[in-house]
Amino acid sequence: MALSPCAINMSSGIRRAICEQLPQLKNIYYALEVPSKVQNSTATRPLLQWILPADVAQHENELLDSVKRQQFDTSFIEDVRVVPRNGRNAAKVEFQIQPDAFAAHLLQADSVVPKASAFQEEHVVVEYSSPNIAKPFHVGHLRSTIIGNVLANLHQHLGYRTTRLNYLGDWGTQFGLLALGVQLGSISDDRIREAPIETLYNAYVMANKAAAEDPQLAQRARELFTSLEANTDPTLSCEWQKYRQYTIDELTGMYDRLGVHFDSYEWESQYSQRDIGDVLTQLRSAGLLQREHDGREIVVVDERRVPVIKSDGSTLYLARDIAALLERQRRLQFTRMLYVVDNGQADHFNALFSTATALDASLKDKLQHVKFGRIRGMSTRQGKAVFLRDVLNEARDVMREKRFASATTKANSTLNDEHVCDILGVSAVLVNVLKQRRQRDHEFSWQQALQVNGDTGIKLQYTHCRLHNLLERFGDIELAEIKPSWQHLTEEPSDALAVLYELARFDQCVWQAKEQLEAHVLVNYLFGLCNATSRALKRLPVKQEKCPDKQSQRLLLFRAAKRTLQQGMRLLGLKPLNQM
């Protein structure tokens, strides 16, 4: 199995040496594990193990025999030991690694030239975030945005062809209300341009309230949307296009703060009634649409009668989603489509997948609803409205207060304090959300999110800064000319090998996070790496060490820790700081 162009972890050469001898074992590259319990003594030899998965149980003896017969590259693999199944313990293969090769592949910078990825023929499409236009970015969209971003990052890192979609809500009667609000408030273009999202949102709220009290205004809003849908009012259509652009402009700034980007912005209006006639014809021809006595047309899914077309002939959200899915399959030819949407939409996606698969059998097993729970309690300290901009600004302001109050904060004229505080605040919020199992509801806590000593985004940034400053202080030492030594590491306190083994686990951790579609797997790995690194920084001082060889070997270790931490942070969407 080959390594992806993006996934350059330094244990890759050893993993590849094993995989190239076992091409019949799919995905063994990432299934190779560093045992979780290692004895950090001078007698320890580094190991990688492959625990046979349950799905190969029928061929277990055949596979184990084939492994025994292989001749592995002795410059990497010293010995191979096959351990048969024992009761509930699965069979496994232990590869004893040549120690200096193990150290070299983990500690030397860019020591492996990557090959093409085994996954480059697989196209994964991830749809995430998906807010509505002309509304401020709500915290309810945060979890979809950052979980989807991590999943896209993980797939791209592993070499999958990855497309990131943002499917924005820009259709429905609410946009008639928005147009009505602009008219009722006599809101000028100049006023909208000054603060577009805030002004448009306030107009919508005003119109919504007015329409609730006056049926004639509610009817007027419906008529405005009908005009938009039928494209009979050029002025209204032009205004609506402007509202979409204003939304993109504001969202881009928010996404940049979150470390998020997209390959494509798509719109619900692309699949309005006038654009999806062919899909409705297909649904009727396949006998999937059934007409109710009130004129609605529905599909039956698990004995539920799910509306697709209203009695007046207009389409509902499910119809537009079916059309979008079928069009994406034709256009993108994906092998997997992930929808990162909250738990509450499970019935909708069940109906979508069931109906679309009935029309196109090739979609079977390609579609997945990546569910997540809700965030509760995410507001500012004053309990203000739950718009994400306010929450991130609050996090930035709290970090500014903490930095000024800290006795260890040094004056630095070259540092942009506002920029640093914003990155720290965003890191705190993101990691506090991402460290939770995604399907659980999460109670947000400012106190927990902004701790320096706990398992937080601040800890990741702080550890990265410590490592950067250490390496910068000893920048005159040419580490590229230093050969990593297993012997030196075994003569150090056990903290040195503890860091080395943590580094070796990075590949398997990234794979597990992708397989489980769980960002918290990677977050917890990075916490473990930071903890091991912090202990090593205390027990393996560089400045006080008089022996040049020990100094340089420790610096190699800390450089590799920084490189791996940085890579993991970027997969989470964080922007690693060098100073804070």
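1. Which residues in α20 meet which residues in α21? From α20 the residues are F506, C509, Q512, A513 and Q516, and from α21 they are V521, L522 and Y525, where meeting means contact, that is, heavy atoms within 4.5 Å. By class, this contact has 6 nonpolar, 2 polar and no charged residues; Ala, Val, Leu, Ile, Met, Phe, Trp, Tyr, Cys and Pro count as nonpolar, Asp, Glu, Lys and Arg as charged, and the others, Gly among them, as polar.

2. Before going further, please note that this is a predicted model, in which local features need pLDDT of at least 70 and side-chain atom pairs count only at pLDDT 80 or more, while totals for chains, interfaces and linings use all residues. Residues are numbered from 1 along each chain as its sequence is written, and side-chain values use heavy atoms, with hydrogens and water left out.

3. Helices (H or I, at least four residues) and strands (E, at least two) are DSSP runs, numbered from the N terminus. The axes of α20 and helix α21 (residues 519-539) come within 7 Å and cross at roughly 155°, which makes α20 roughly antiparallel to α21. Here axes are lines fitted to C-alpha atoms, for helices over the stretch in contact, and angles run from 0 to 180 degrees between N-to-C directions.

4. Helix α20 (residues 506-516) also crosses helix α19 (residues 495-504), with axes that come within 5 Å at roughly 40°, and these two helices are therefore oblique to each other. Angles under 35 degrees count as roughly parallel, over 145 as roughly antiparallel, 65 to 115 as roughly perpendicular and the rest as oblique. In this contact E502, L503 and A504 of α19 meet F506, D507 and Q508 of α20, and the residues divide into 3 nonpolar, 1 polar and 2 charged.

5. Turning to the strands, 5 of them form an open sheet with parallel pairing, in the order β6-β5-β4-β10-β11; two strands pair if DSSP finds at least two bridges between them. Because β6 (264-267) and β11 (367-370) stand at the edges, each with a single partner strand, one side of each is left without a neighbour in the sheet. Neighbouring strands of this sheet are turned by 25° against each other on average, direction ignored.

6. Within the sheet, β4 (residues 123-127) and β5 (residues 161-168) pair in the parallel sense over 5 bridges, and V125 stands opposite T163 in β5. Helix α5 (residues 142-157) packs on the sheet, touching β4, β5, β10 (336-340) and β11, and its direction makes about 160° with that of β5. Helix α13 (residues 346-359) packs on the sheet as well, touching β10 and β11, with a direction at about 175° to that of β11.

7. The second largest pocket has a volume of about 710 Å³. On a 1 Å grid over the protein atoms alone, a pocket is an open set of points with protein on both sides within 12 Å along at least five of seven lines, a cavity is a set of points where a 1.4 Å probe fits but cannot get out, and lining residues have an atom within 4 Å of a point. Grid points are joined across faces, edges and corners, and a volume is the space filled by probe spheres set on the points. Of the 29 residues that line this pocket, the closest to its centre are S130, H141, V341, D342 and Q345.

8. The largest cavity holds about 50 Å³ of space and is lined by F175, L178, A179, L228, L236, W240 and Y243.
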